[in-house]
Amino acid sequence: MNFNYYPGCSLHGAAADYRMSINAICRRLKMDLTEIEDWNCCGATAASSENYKMALVLAALNLVKCENESELVVACNACYQRLLNVNSKFKKYPAIKEEITAVLAEFGISGDPEKIKVRHLLEIFLEEVGLEKIKSNIVKPLSELRLIPYYGCMLVRPEGFDDPEQPTALDELLTALGAQVLPFYRKTRCCGNAVMSTNEKTALKMIKEILEEAHFRGGQAIVVTCPVCQLNLDAYQDKVNKEFGTSYNIPVLYFTQAMGLAFGIGPNKLGFDRGIVPREDLLKLIPKIE
Amino acid sequence: MAENIGVYVCHCGSNIAAVVDCEKIAQAASEWDNVVIARDYKYMCSDPGQNLIKKDIEEYGLTRVVVASCSPRMHEPTFRKTLEEAGLNGYLLEMANIREHCSWVSKDKEAATEKAIALTRGAVRRVVLHQPIKEREVPVNKATLVVGGGIAGIQAALQIANAGYPVYLVEKKPSIGGHMAQFDKTFPTLDCAACILTPKMVDVDRNQNIKLFTCSEVVEVDGYVGNFKVKVRKKPRYVDEEACTGCGDCESACVMKNRIPSEFEVGLGKRSAVYIPFPQAVPLKAAVDEENCLYLKKGKCKQSCVDACQREAIDFEQREEIVELEVGAIILATGFEIFDPSVGPQWGYGIYDNVITGLQFERITNASGPTGGKVLLKDGSEPKKVAILHCIGSRDENYNKYCSRVCCMSSVKFAHLVKEKTDAEVYEFYIDMRTFGKQYEEFYNRVQEEGVHFIRGKGAEVTEIGGELTVRAEDSLLGVYREIPVDLVILNTALVPCSDSEKVSQIFGVSRAESGFFLESHIKLDPISTTNQGIYLAGCCQSPKDIPDTVAQGSAAAAGALAAIATGKVTTSPISASVNEDICSGCKTCLNMCAYKAITFDENKKVAEINEAVCKGCGTCAATCPSGAITNSHFTTEQIFAQIEGVCENG
Amino acid sequence: MEGMPVIKERNLHPQFYRRVKMLPGGEKIEACIQCGTCSGSCPSSHTMDYTPRKLIAMIRAGMEEEVLKSKAIWMCASCYSCKARCPRGIAITDLMYTLKNIAMASGCGHKLAGPVFYGTFNRMVEKEGRINEGKFIVTFTLKTDPFKIIGMAPLGMKMLAKRRLPLKATAIKNKEEFRKILARIREAGI
Ligand SMILES: Cc1cc2nc3c(=O)[nH]c(=O)nc-3n(C[C@H](O)[C@H](O)[C@H](O)COP(=O)(O)OP(=O)(O)OC[C@H]3O[C@@H](n4cnc5c(N)ncnc54)[C@H](O)[C@@H]3O)c2cc1C
Ligand code: SF4
Ligand code: SF4
């Protein structure tokens, strides 16, 4: 299986562990993710805040690097939503599409972004690889782990492949890995990233609410699908504890790391040691050999 | 063909004349073939307007009439009558709709006038080919079928029965009463629901003219107005209704006692597999629930109910029966269901224990309910803070667009009941307070005075913060976000169409509105009839409404049915399709197309046959027939083409 | 203390409402029933000077300056909770973006942290084609609140220790053309 792939800036930065785990499990599943040539930043929330056309151009520039009628796989929720959004915006505002297509044409760039299907990596595992194949690769079922599935907002809103408030894709995947998936209703509450630098207090309150329910449900770890969510929930736990007098200490891992563990891949190859909240205790709950 | 046509162009006050030049139409019309007189007038439907037509028919010997005015929906019958009164067959009339199709949809005077002239010309061309046809009269069976035994059906059934005519009342559940039987008090006067409903339910039981079928559903309807043939599936109760005294001994003896969630208690209480739905049930007879009875389901049970019943009424040999009825009219009164708030997890229903629906609250506050009428939390303690959320699933594109009409008032009622029974603070979250009925605003005022906190802002989310149930909302009058911790949340959910309403609409041949409720003939002037003549609507199956409106509509539907019964006959539209046997190739294409099952196949002659009485003249078959063997009277191919040519012709 | 604000009709700008209606997110705001579901669902509204619902009311009234100078629009976390729940299908998040676009283009509120944050980010994207998270945060903090750098150090050190802060610069290859395209589109305005 071969896919066009958009990693996004974080995977080349703070989310090194996400990158490592993706590489490791894709090798195991014989999937090739081919980075699109010279991709650029998706613009995150910044470009759309200043100039929505700039945001659309940034996204379109990436999409037109894929062949028509192909798919583009994205690992980060924020990038995913930005790239996905171009199509619906173009459909809704044909005049804007025309304007942007014309600008790109001035630079000899052709290609129709609407012909590219943007998909999240999680979606690919569920719908293309399939749970059966994933299950057949499991050597260490995660049956001792009580996990909190956290999706974040950008995976399902405003668009996506699952329910906008209570999606189930990640629950399904983790269940297939043998884990005990806990009920969790703040699945898609925002982690506050967009306001972290400008309004830290609000962002911390948002993070706290997620940690609060995760703790209340008795989760041993939070599983995420996005480098931005990971960073906020993981790196700011300390600050949350200081701000609110709590003592949360919940490791936050990527769903691909959970898959890697179940596949029996060595934790270091998955970047498991790179959690700000240490994840090592979890390893004690993984069976030695199956 | 030489005909004498009169053309009458109506101003409809300024409704038409403000945009369309009526005089110009009349002028143009006076030049057309066959037109002997063309006039424009302020109100054609008024008495003087109609007299104008009558006078002209006499003076000019008119043989055809065209009225260019509003939609024929309202006034075609009016002008047909005008023609009849002047001795002309009513079907020698044609109307051109120059209001809805011209003046109301355009500001461009010239274009609108041009279109109006074209439509009128089409009507003139068409009317030349009209044939006089006679309306049919059919005899009316004096019995009426009422479907659904809620307050709407009860009211309609009693009204007709009291007038001395037979009624069959078919109810799906083991008892009549509908939702009202579950309530404690009713707004705006707070009289006890049981006190005002039970006497009516008992009347139904006692009335000699009413034959009640419970645990029953209509499965097939054939025939037409005045002469419907209905099949009712009567499910077994497994209890001999004659023998059962309703003592409840079986219920106490049942092995499944207190193990099955009770529908009547909306899941808050438990019942046995053999049960009497509620103490005031009519008929007051036990019924066995097939799904949960161990004996019926698994074939294995010691049958303690059989031993307990001294009247030997339990009868596991009972089987389903199909009963055939013949009735002249049908009243649909199938009511509503409650919106399931668990589809919106933001409201916390099914997630947090103390989030309940309004209907569940009705049971909690009801003296015969699971808590004996005390307002209590799941753990048995009394709430100190209660939130009531309006519009859950109503006025919301994501769920139902419409306003459910009764929830503002029932929310205010809930607030009052909580205040009356506890010391709790009550917070009501509303978008707009709609207390429109008689004595409703006064009731709202009274509950305001009781100290309820009314917060203008929809309850956006119910969640737990620091272990406390909390409602998040904007207090929009203050423009601030609030998180209000409470102990109990009452979600006042939308009234939605019954989940089987699609099936029911097909069985009875009635249409449904966009909302899914059954569609009336005219939203303002005929909210009782349906497009299927002889079938009437009453209560919430037509749209959400309160008890006063439901009762009024129940009586009105009864009046509709009684009018036909009293005269013993009804006139039906003579517009119907017929098959030319010589042309019909016997391909049977039309058979499945007819929505009213009016077409049968004559196996001897190998041709299709249309039952004129059943046919509604919709024309589907005529349009489908590949051989062109079917003609729809008053909508013949020639008539339609003449009209099209008239509209398209230049000048 | 100031009294209640009195709005003078002549200070209102109906054309502002008309303009917003033409831009993404503005199209259905006339249908807003002011129910407050958006604000009640918003994780940020408790810190906003005007709630999302109120902003819509203000736009409809033509309160151009107040809307464009509001802090609220910079508090939006872009989580789309409001849009998912709005009973009238209004794309409030997109509306928030549109308001930020107008505010940034007209210079309103430029001194707030929000526009500086987004501006800094976008200038870095324009320059390099990609974002180096560490470098960006440092640049932004130096612009707004240099002393905060010290407070950020512990987290930075931790990230570094966990090998999650690459110091190597990241950039695209075809910077020339990329910059030209972005300049060209920004020229077009919103
Ligand atoms: C929580 C709540 C509180 C309310 N409080 C008040 C109040 O205080 N005052 C007030 O004026 N109004 C109140 N209302 C409104 C009131 O409930 C309705 O006006 C009334 O119940 C409508 O009666 P109905 O007969 O049309 O429908 P229903 O009460 O729903 O009765 C319909 C009946 O038809 C039966 N049925 C359904 N489908 C079939 C079928 N296919 N075949 C046979 N039978 C069928 C059902 O079993 C049921 O018995 C309240 C509503 C709610 C939800
Ligand atoms: S949720 Fe929608 S309708 Fe309600 S106030 Fe917000 S924008 Fe208006
Ligand atoms: S998208 Fe913005 S305005 Fe809407 S709920 Fe999220 S933070 Fe609030």
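Which residues of chains A, B and C are linked in a network of salt bridges? In this predicted model, the network comprises A:E165, A:R189, A:K205, A:E209, B:E461, B:R472, B:E483 and C:R85. Over all chains, the structure holds 73 salt bridges.

Individual pairs were then examined. In chain A, A:E213 pairs with A:R186, with the closest N and O atoms 3.9 Å apart. A:E213 belongs to helix α10 (residues 200–216), whereas A:R186 sits in the loop between β6 (180–181) and α9 (193–196), so the bridge ties together parts 27 residues apart in sequence. A:E213 counts as buried because its relative accessibility is 5%, under the 20% limit. A:R186 is also buried, at 4%.

In chain B, a salt bridge joins B:K421 to B:D184, with 3.8 Å between the closest N and O atoms. This pair links distant parts of the chain, 237 residues apart. B:K421 lies in helix α11, and B:D184 in the loop between β7 (167–170) and β8. B:K421 is partly exposed, with 29% relative accessibility. B:D184 is buried, with a relative accessible area of 10%.

Another chain B bridge connects the side chains of B:E603 and B:K588 at 3.8 Å, N to O. B:E603 is partly exposed at 45%. B:K588 is partly exposed at 38%.

Ligand 1 is surrounded by 38 residues. The closest are B:E171, B:H179, B:K413, B:K545 and B:I547. Polar backbone atoms approach oxygen atoms of the ligand at several points. The distance is 2.7 Å for B:K545, 2.8 Å for B:F187 and 3.0 Å for B:A152. The protein covers 97% of the 1000 Å² of accessible area that ligand 1 has on its own. Elements of chain B giving two or more residues to the shell are α5 (151–162), β8 (185–186), β19 (336–338), α10 (358–364), α11 (407–421) and α14 (547–567). By class, the shell divides into 17 nonpolar, 12 polar and nine charged residues.

B:F635 is placed in the loop between β34 (630–632) and α17 (637–648). Its relative accessibility of 40% makes it partly exposed.

Chain C contains 11 helices and zero strands. Of its 190 residues, 51% count as buried. Its C-alpha atoms fill a box of roughly 55 × 40 × 35 Å along the principal axes.

Definitions and conventions:
Residues are numbered from 1 along each chain as its sequence is written. Chains are lettered from A and ligands numbered from 1 in the order in which they are written. This is a predicted model: local features need pLDDT of at least 70, side-chain atom pairs count only at pLDDT 80 or more; totals for chains, interfaces and linings use all residues. Side-chain values use heavy atoms; hydrogens and water are left out. Helices (H or I, at least four residues) and strands (E, at least two) are DSSP runs, numbered from the N terminus. Buried means under 20% relative accessible area, exposed over 50%, partly exposed in between (1.4 Å probe, protein chains only). A residue is near a molecule or strand if one of its heavy atoms lies within 4 Å of it. A polar contact is a pair of N or O atoms within 3.5 Å; within protein, one must be able to donate a hydrogen and the other to accept it, and residues adjacent in sequence count only if both atoms are side-chain atoms. Accessible areas come from the Shrake-Rupley method with a 1.4 Å probe; for residues, only the protein chains shown count as cover. Ala, Val, Leu, Ile, Met, Phe, Trp, Tyr, Cys and Pro count as nonpolar, Asp, Glu, Lys and Arg as charged, and the others, Gly among them, as polar. A salt bridge is a side-chain nitrogen of Lys or Arg within 4 Å of a carboxyl oxygen of Asp or Glu.
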